[in-house]
Amino acid sequence: MKQKTTSDEDQRRYLDDSSNAFFPVTLNPKKRSQLRIPSKVIKDYGLNFTESITLVDPLVKKIGSLERKIKIQMNGSVFIKGYGAILRRNNIKLKDKMICELKKTGNNNLVHTIKFHIITR
């Protein structure tokens, strides 16, 4: 398990369940349509993925959740294609901060949902 820092504790307050894996998103203006899940987070929490995942953003009650495809690289990196819709729907700016909460099932740590927590600045 990874070492907790003050920054981690600060970010955990936004999560639905503070025991879930999470990571802050650094917005890259050149790659706004794909989200990379850091391999360190995958390794630290022993996460597994299927071919698709559900994306949930703060507008879920108004618009609904999105089902997206996952691409797993040979080096273990995981990319989620089409997450730019979350950025557009929520009018995210480069100065805003997002935290992704990974929700998983059972003993196999299979991630089925990513919930986005948006902190506007």
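**Exercise 1. Determine how strand 3 is joined to strand 7, and name a bridge partner.**

Step 1. Strand 3 and strand 7 run parallel, and five bridges join them. Strands here are DSSP runs (E, at least two residues; helices are H or I runs of at least four), numbered from the N terminus, and two strands pair if DSSP finds at least two bridges between them.

Step 2. Phe-49 has Val-111 in strand 7 as its bridge partner.

Step 3. The source of the values should be kept in mind: this is a predicted model, in which local features need pLDDT of at least 70 and side-chain atom pairs count only at pLDDT 80 or more, while totals for chains, interfaces and linings use all residues. Residues are numbered from 1 along each chain as its sequence is written, and side-chain values use heavy atoms, with hydrogens and water left out.

**Exercise 2. Describe the antiparallel pairings and the glycines of the hairpins.**

Step 1. Nine bridges pair strand 6 (residues 97–105) with strand 7 in the antiparallel sense. Within this pairing, Leu-102 lies opposite Ile-114, and Lys-103 lies opposite Thr-113.

Step 2. The hairpin of strand 6 and strand 7 has four residues between the strands, and Gly-106 takes a positive phi near 50° there.

Step 3. Strand 3 (residues 48–56) pairs with strand 4 (residues 66–72) over four bridges, in the antiparallel sense; Thr-54 has Glu-67 as its bridge partner.

Step 4. Strand 4 and strand 5 also run antiparallel, joined by three bridges, and Ile-72 is partnered by Val-78. Their hairpin has five residues between the strands, with Gly-76 at a positive phi near 95°.

**Exercise 3. Classify the one aromatic pair of the structure.**

Step 1. The ring centres of Tyr-83 and Phe-116 are 5.9 Å apart and the planes stand at 25°, so the pair is stacked. Rings of Phe, Tyr and Trp (its six-membered ring) pair if their centres lie within 6.5 Å; planes under 30 degrees apart count as stacked, over 60 as edge-to-face and the rest as tilted.

Step 2. Tyr-83 lies in the loop between strand 5 (78–81) and helix 4 (84–89), whereas Phe-116 lies in strand 7 (residues 110–119), 33 residues apart.

Step 3. Tyr-83 counts as buried at 3% relative accessibility, and Phe-116 does so at 1%. Buried means under 20% relative accessible area, exposed over 50%, and partly exposed in between (1.4 Å probe, protein chains only).

**Exercise 4. Is Asn-90 buried or exposed, and which residues does Asn-90 touch?**

Step 1. Asn-90 sits in the loop between helix 4 and strand 6. Its relative accessibility is 18%, so Asn-90 counts as buried.

Step 2. Leaving out residues up to four places away in sequence, Asn-90 touches Asp-57, Pro-58, Leu-59 and Ile-118 (contact means heavy atoms within 4.5 Å).
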